[in-house]
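Visitor: Before we look at any details, could you take me through this protein with some care about what can be read from it?

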Amino acid sequence: YAWIPPSRFVVVLHAPKRTATYREMAHHVEAFGAMGHVRWASPYSGAHKEAVRRFAFARLLQSKQMKFGDWVVHADSDEFVVFPDRSFEEVLSRAGKADVVGGMWTDRVADQGALAPIPEQDLWEAFPLNCAFRRKPKVVAYKLPRLVTDGAHAPLGKDAVFASDRGIV
C-alpha cells in the first residue's frame, strides 16, 4: 500500500483502556501522519469488526475527511494485496462504475510447508509456495457507501458491481 499517502490511513487501535501503551501507540500513528485512529475496546472479531468500521466511517464522514464515492482499501495487518499485471492505483482508476474490487485469498508458506517468522528478505522468496488452506473470495476495496460483510468476504446487498481486475490476497 506504499502508493497511499499516510494522510489517507485510518488505524484501528485495539485497546480496552486508555493506558500508557495505548497513548504510545496513538502517538506513533499520529507521528506517522495517519489521518486518524479509532480506539476500539470490544473484542475485535466477528460482528464487532463491522461495528468498528461503521463507527469509523460515520466519524470520518461527519468530519468531512471522507465522502461517499471514496474508495476504502480493506487492509488487515496480516494480509497484503497484489495485482499481477498492474498497480492497485491503476485498478481503482480503471474500475469505472464498479463499487467493489475483489480478490482471492491465497495462503503462502515457506519451503517444506513451514510457517516461518517474517524474514528480512523479500516475502515472495521467503514464502515461495502457494497453498489453499482458505480458498475464499475477499473484497479488497469498496466505494462508500457500499459496506461489506464481516471479514470483508463479500459486499452487503445484491446490487454490487465488481471491477474486472482481481487481486491476490
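Visitor: Which element of the chain has the lowest mean pLDDT, and which the highest?
Guide: This is a predicted model, and the chain averages a pLDDT of 76, with 74% of the residues scoring at least 70. Where pLDDT is low, the predicted coordinates should not be read in detail. Among the elements, the lowest mean, 62, belongs to strand S6 (residues 129-131), and the highest, 86, to helix H1 (residues 20-32).

Visitor: How many helices and strands are there in the chain?
Guide: Read from the N terminus on, the elements run β-α-β-α-β-α-β-β-α-β-β-β. That makes four helices and eight strands.

Visitor: Where around the axis of H1 do its buried residues lie?
Guide: The buried residues in H1 are Tyr22, Ala26 and Val29. They cover an arc of only 60 degrees around the axis, so they lie on the same side of H1. In general, an α-helix has 3.6 residues a turn, so residues three or four places apart point the same way. The cover over the buried residues of H1 includes strand S1 (10-14) and strand S2 (36-40), while the face turned away carries the exposed residues Ala20, Thr21, Arg23, Ala31 and Phe32.

Visitor: What kind of aromatic pair do phenylalanine 57 and tyrosine 142 form?
Guide: A search of the whole structure finds one aromatic pair. Its rings, those of phenylalanine 57 and tyrosine 142, have centres 6.4 Å apart and planes at 70 degrees. Because planes over 60 degrees apart count as edge-to-face, the pair is edge-to-face.

Visitor: Is alanine 163 buried or exposed?
Guide: Alanine 163 is found in strand S8 (residues 162-168), and beyond its neighbours within four places in sequence it is in contact with Ala95, Ala98, Val100 and Val101. The C-alpha atom of alanine 163 is also separated by 8.2 Å from that of valine 91, which is 72 residues away along the chain. Since a relative accessible area under 20% counts as buried, the 8% of alanine 163 makes this residue buried.

Visitor: Is lysine 64 buried or exposed?
Guide: Lysine 64 is placed in the loop between H2 and strand S3 (71-73), and has a positive phi of about 65 degrees although it is not a glycine. Because over 50% relative accessible area counts as exposed, lysine 64, at 72%, is exposed.

Visitor: Which residues does a cis peptide bond join?
Guide: The proline concerned lies in the loop between S7 and S8. Omega is about 15 degrees for this cis peptide bond, which joins leucine 144 and proline 145.

Notes. Residues are numbered from 1 along each chain as its sequence is written. This is a predicted model: local features need pLDDT of at least 70, side-chain atom pairs count only at pLDDT 80 or more; totals for chains, interfaces and linings use all residues. Side-chain values use heavy atoms; hydrogens and water are left out. pLDDT is the predictor's confidence in each residue, from 0 to 100. Helices (H or I, at least four residues) and strands (E, at least two) are DSSP runs, numbered from the N terminus. Rings of Phe, Tyr and Trp (its six-membered ring) pair if their centres lie within 6.5 Å; planes under 30 degrees apart count as stacked, over 60 as edge-to-face and the rest as tilted. Buried means under 20% relative accessible area, exposed over 50%, partly exposed in between (1.4 Å probe, protein chains only). The arc is that of the directions from the helix axis to the C-beta atoms. Contact means heavy atoms within 4.5 Å.
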